[in-house]
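User: I would like to learn how to read strand pairing and helix packing in a model. Please take me through some cases.

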Amino acid sequence: MNTPLLETRGLCRNFGALAAARHIDFRLEAGARHALIGPNGAGKTTFVNLLTGVIPPTSGEVRLKGRDITGVVQAERVKLGIARTFQINRLFRRLSVLDNVAIAVAERVGAAPSMFRPAGRRRDVVEESMHLLETLKLTNDAGHRIAELPYGRQRLVELAIALGLKPEVLLLDEPAAGVPSAESHIILDAIEGLPRHIGVLIIDHDMDLVFRFAQQITVMVNGAVFASGSPREIGANPDVRAVYLGGGPRTGPPHPPDVRRVPAEP
Amino acid sequence: MTAPSPGRAAHPAALALARRHRLRAWEPIPWVLAVAFYFAFPRHLGFGTELLITVLFAISLDLILGYAGIVTLGHAAFFGAGAYTVGMLAKHGIWTEPITGLILAALIAAAVGLGSGLVLLRTRGLTLLMLTLCTMALLEEAANLGHAYTGGFDGLDSLPIAPLFGVFDFNPLYPRTQYLYVLAALFLCFAFVRTLVYSPFGQSLTGIRENMLRMHAVGAPVRTRLVVCYTISAAIAGVAGGIWAQANAYVNLGTLGLDRAATVLIILVLGGHGRLYGAFIGAVAYMVLSHFLSKIYPTAWQLGLGLLLVVIALFARNGILGIGEAASRVLGRR
Amino acid sequence: MIFGTDLAGMLLGGVAAGMVLFIVSVGLSVTMGLMGFVNLAHGGFAMLGGYAIVLAMKHWGFGFLPALAFGFVATAAVSVAFERLLYARLYRAAELDQVLFTIGLVFIMIASVTVLIGPENQPLPLPAMLQGQVDLGVTRYRTYSVVLIGIGVAIVLGLWLGVERTRMGAQIRAAVDNRRMAESLGINIDRLFTVTFALGSGMAALGGGLGAEFLGLDPQYPLKYLVYFLIVVAVGGLGRVTGVFYAALLIGVLDFALKKYLPQGGTLFIYALTILLLLWRPQGLFGGKAT
């Protein structure tokens, strides 16, 4: 395919003298399972913020299916099909799990501006929300408030909201961050169960997760793309390993990389 | 997407959501009491009318403050806009019919709300708070300056208000017509606000209040929603102000003052904001206390009010209804 | 337009009034910028301090300077007590709670002063040296106003030096810019805030007393001028000493000029101008980031 699902060209972002993003050229294909890794402070979250429109770039372009969306605001990009989860949960803590997801679904289906019919009567919204909760095994928590849930399940709600937006591009910012290892399999299973046609970009430090999940890995260092390639290529790249030896949670990718569940790229 | 199974909607959480908007058994009580008041205290209908108008004003504030989470100290701008619309139209002999006058008051107040909302709601926090104060102060100054039309500092009195439906007189000394008129207006506005609050629009306002960043991230047009909410809230405040002018046959700068704006905020917080009925409880509590205490010991009243606010801010931020909720949770656990 | 002496007089008057606004508001700006706390009771500290100064001179025979010192110290001490006991509990609270608390505090202050002292205006008794007029070459002007301008300039210079040159000043600047980062650098934000709050309230006290000529001094003071103080702070940019200074001067001079040339619509013009300014630059004319 010629036109990638999501792409950036020469994307730059400066904060004063700090170059947080430097001429990033990036491609995400439909159905991709792409991981973005790099040491702390490499600019990964800044990059996601640029992709989602939270911050504008200093220069460069962002294109969705060939269309220039550099000037499009965050809320509009969501409508165009880009959804994300946050590194630290952004949920409606005093509302129930079902409410959290229902608000997102209602926005997507265009129910939200309606002022007269009660929200609970929109069966389509409620049923779709419950369906989402089922796929993420959150059904039992549907009526509980976020504040009452263990952190791992809150992370799942974060994912449920993103899925409720029926995105074509899904950006997951450290989806398992802060989740106790006893619960992290829930997240991992959920990620594996993501719809095939969505292009998924995961940022993470957990190399097990990254190498298990990704078909393509991009390494970012100091705001620029350092290396990009298949997991095998990245795993074998001595420069990448050198970059990680200085710090970060692991000293390098597992060896040899586990490719057993990487399907063929469409 | 696979067809959802019928069992899904039967989940208790889904059922709770579907039933959230249903009338609860105790909801008719305030209205029953209000009607009973009419028959039980025929000599206190002036107080009753003032109370009902205050409830209406507080409900309008609850919409933007309690549900959308916008803190404003300038809500009297819309109350006064409505009041002066009615007042000026009546005093200068342009229009005296009450119901259409009220609709005009709502429209003018909504226009002020829309104009100021579009402009103010680009800011947040202290800047927004300050701009709401500034807008209200600006309107107050304008009313003061335009004394040829507005009566300036003294205001406009003895407003000629035509009889309701051509039959029922507005007599300031015997406010029987006023009371029922206000009660009807309050009922209609409340029914509208209640519907709004349980609608998807209302849910999105709650989302904006709880986590605005998240609402941006689900594609909600946050500012548009806030401006719409602000406009509706302004319109209802305008109805309250217009009705106040009609009921009292009088309008003055006090309708636009910081005193009125601060008082309605206190009333709403006292009763419990974001809870619709907090307006009722807060208004009753405040006005009953104020009626007995504020004129006799004005300084002590202010001192007590100040202490009350400090206590509420520190210990009881959800007001009387919040205390009631906490109590019922504790009792429910026993 | 009338040039010459009239213009000079108007400018001097405006600048003097601006100085008063600055001295009162600078504390509010820094504490707002530092802690993000909406302190609507700041004018109350100005009032309390003003009363302390005036009463010290009238009833306890303090001299002018000792009274000022007394007002500063007493108000700072009271404010520290309030800050540690009450304000500190609301730093993480919602904006609404901060607004309610500070409004309540203002009511308490106003009511207390009304009961203990009375509702009348309290003029500041000026020492003989500061009365009368002084010859400035271009014009003759009230000595007191000129001295006030001098005091204002001295204060802004002192504050600017303090903020730019001392370690605490650097900590304040860092914390205003990015509180979380400042904390992670080991800066004790709580202690910094207590000190800043005390200084700011003490400064407000000075402004309340010195400015009694321009703004009056009666129990309604905190609410009467609330909008003005907030305007100065918002237009100047939160946490910027120089910003508040320029904004205060601007408002002071505008107010005086408008009183002369547009006596009817002056206040309205200032409100409208503020709204337009803040729409154009929500972070204030001199502010760094948006609130």
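User: Which residue takes a positive phi in the hairpin of E4(A) and E5(A)?

Analyst: A:Lys65 does, with phi near 50 degrees, and the hairpin has two residues between its strands. Strands are DSSP runs of E with at least two residues, helices are runs of H or I with at least four, and both are numbered from the N terminus. The model is predicted: local features need pLDDT of at least 70, side-chain atom pairs count only at pLDDT 80 or more, and totals for chains, interfaces and linings use all residues. Residues are numbered from 1 along each chain as its sequence is written, while chains are lettered from A and ligands numbered from 1 in the order in which they are written.

User: How many bridges join E4(A) and E5(A)?

Analyst: Two strands pair if DSSP finds at least two bridges between them. E4(A) (residues 59-64) and E5(A) (residues 67-68) pair in the antiparallel sense over two bridges, with A:Leu64 opposite A:Arg67. On E1(A) (residues 6-15), E4(A) has an antiparallel partner over five bridges; there A:Leu6 stands opposite A:Leu64.

User: What describes two packed helices?

Analyst: The angle between their axes and the distance between the axes. H6 (residues 125-145) of chain B and H11 (residues 226-236) of chain C pack at about 135 degrees, with axes 10 Å apart. Axes are lines fitted to C-alpha atoms, for helices over the stretch in contact, and angles run from 0 to 180 degrees between N-to-C directions. That makes H6(B) oblique to H11(C): under 35 degrees is roughly parallel, over 145 roughly antiparallel, 65 to 115 roughly perpendicular and the rest oblique.
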